[in-house]
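Thanks for coming, everyone. Please keep the viewer open while I talk.

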Amino acid sequence: MDLSREMRSDAQQKIGIDHADGVRQTGVELNWYALYTCPRHEKTVAQQIEERSIACFLPLYRSVRRWKDRRKELELALFPGYVFVHLALQDKMRVLQLPSVVRLVSFNGQPAVLPEAEIEGLRQRLSRGGCAQPHPYLTVGRRVRVCAGPMQGLEGIIIRRKDRCRVVFSLDLIMRSVAVEVDESEVEPVAATKPQLKLLRVSTSN
């Protein structure tokens, strides 16, 4: 991420904090919601949201694409088709009316609230430089917790790919998973619970 984007991100975080303080004073509740977008329009939607001084979170990862004559590093959406927004439900039309926005992810006909701790935790861990990539959605298995390193505190499933160890965590509401590379010595098993962000344990090999 370039410096200008980091500066915009810092400014947006401050806007979100200031807005949240003002809202708390008036008793209006802010929550995180998953906003479903048209394919490959996540960055455009996130930029439009920021321009309206609404806090949002678009997790990105870097991927190298190779052509016959060249290779290029791209910055892609970690959860394709989704942008997370932090707002009061009464303000939802401010984002739903934007071009390339489809809808808010809902449950039983109502926009579904995402756990703030999980969203904030993911944002903080990615900002520490952890390597993350999309992964096929997983729902069953035994959970582990990362106990050291930049991804400390993350819970999910552990998988093996050759000599590398990855922890996969799943966001059940949007049925998406993300894999992050960790050292095997940095994970420990945890008791099974039923969190919104559910990390499980499986063992595979190539």
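First, a caution. This is a predicted model. The average pLDDT of the protein chain is 76, and 74% of the residues score at least 70. Look at the start of the chain. Residues 1–26 have a pLDDT below 50, and the model gives this stretch 19 contacts beyond near neighbours in sequence. Now look at residues 193–206. There, too, pLDDT stays under 50, and the model has 49 contacts beyond four places in sequence. Where pLDDT is low, the predicted coordinates should not be read in detail.

Next, the overall make-up. The protein chain has 16 strands and four helices. It runs to 206 residues, and 40% of them count as buried. Take the contacts with a separation of 6 or more: 68% of them are between residues 24 or more positions apart. The accessible surface is about 11900 Å², and carbon and sulfur atoms hold 48% of that.

Now the inside. In soluble globular proteins, nonpolar side chains tend to be buried together. Here the largest nonpolar core has 30 residues. Which residues have the most contacts inside it? They are F79, F84, L114, V167, I174 and V180. Six elements each supply at least two residues of this core: β1 (31–37), β5 (82–87), α4 (116–127), β11 (144–146), β13 (164–171) and β14 (176–182). The largest share, four residues, comes from β13.

Zoom in on V180. Leaving aside neighbours within four places in sequence, V180 is in contact with C131, A132, M151, L154, C165, R166 and V167. There is also a second, separate core. That one has 17 residues, including A46, I49, I54 and V101.

On to a pocket. The second largest pocket has a volume of about 220 Å³. What lines it? The lining is P39, R40, E42, K43, L60, R65, E75, L76, A77, P80 and G81. Two or more of these residues come from each of α2, β3 (60–66) and β4 (71–77). With three residues, β4 gives the most.

R40 sits in the loop between β1 and α2 (42–51). Its phi is positive, about 65 degrees, although R40 is not a glycine. Most residues other than glycine have a negative phi. Is R40 buried or exposed? R40 is exposed, because its relative accessible area is 75%, and the cut-off for exposed is over 50%.

S53 also has a positive phi, about 60 degrees, and is not a glycine. Find S53 in the loop between α2 and β2 (55–57). Its relative accessible area is 38%, so S53 counts as partly exposed.

Last stop, R52. R52 is found in the loop between α2 and β2. With a relative accessible area of 35%, R52 is partly exposed. What does R52 touch, not counting residues up to four places away in sequence? R94 and L98. R52 and R94 are 42 residues apart along the chain, and their C-alpha atoms are separated by 8.2 Å.

That's the tour. Questions, please.

Notes:
Residues numbered from 1 in each chain as written. Predicted model: local features only at pLDDT ≥ 70, side-chain atom pairs only at ≥ 80, totals over all residues. Heavy atoms only, no water. Core = buried A, V, L, I, M, F, W, Y, C linked by side-chain atoms within 4.5 Å. Buried < 20%, exposed > 50% of the residue type's maximum accessible area, 1.4 Å probe, protein only. Contact = heavy atoms within 4.5 Å. pLDDT = per-residue confidence, 0-100. Areas by Shrake-Rupley, 256 points an atom, 1.4 Å probe, with all protein chains shown as cover. 1 Å grid on protein atoms, 1.4 Å probe; cavity = no way out; pocket = protein on both sides within 12 Å on 5 of 7 lines; lining within 4 Å. Points joined across faces, edges and corners; volume = space filled by probe spheres on them.
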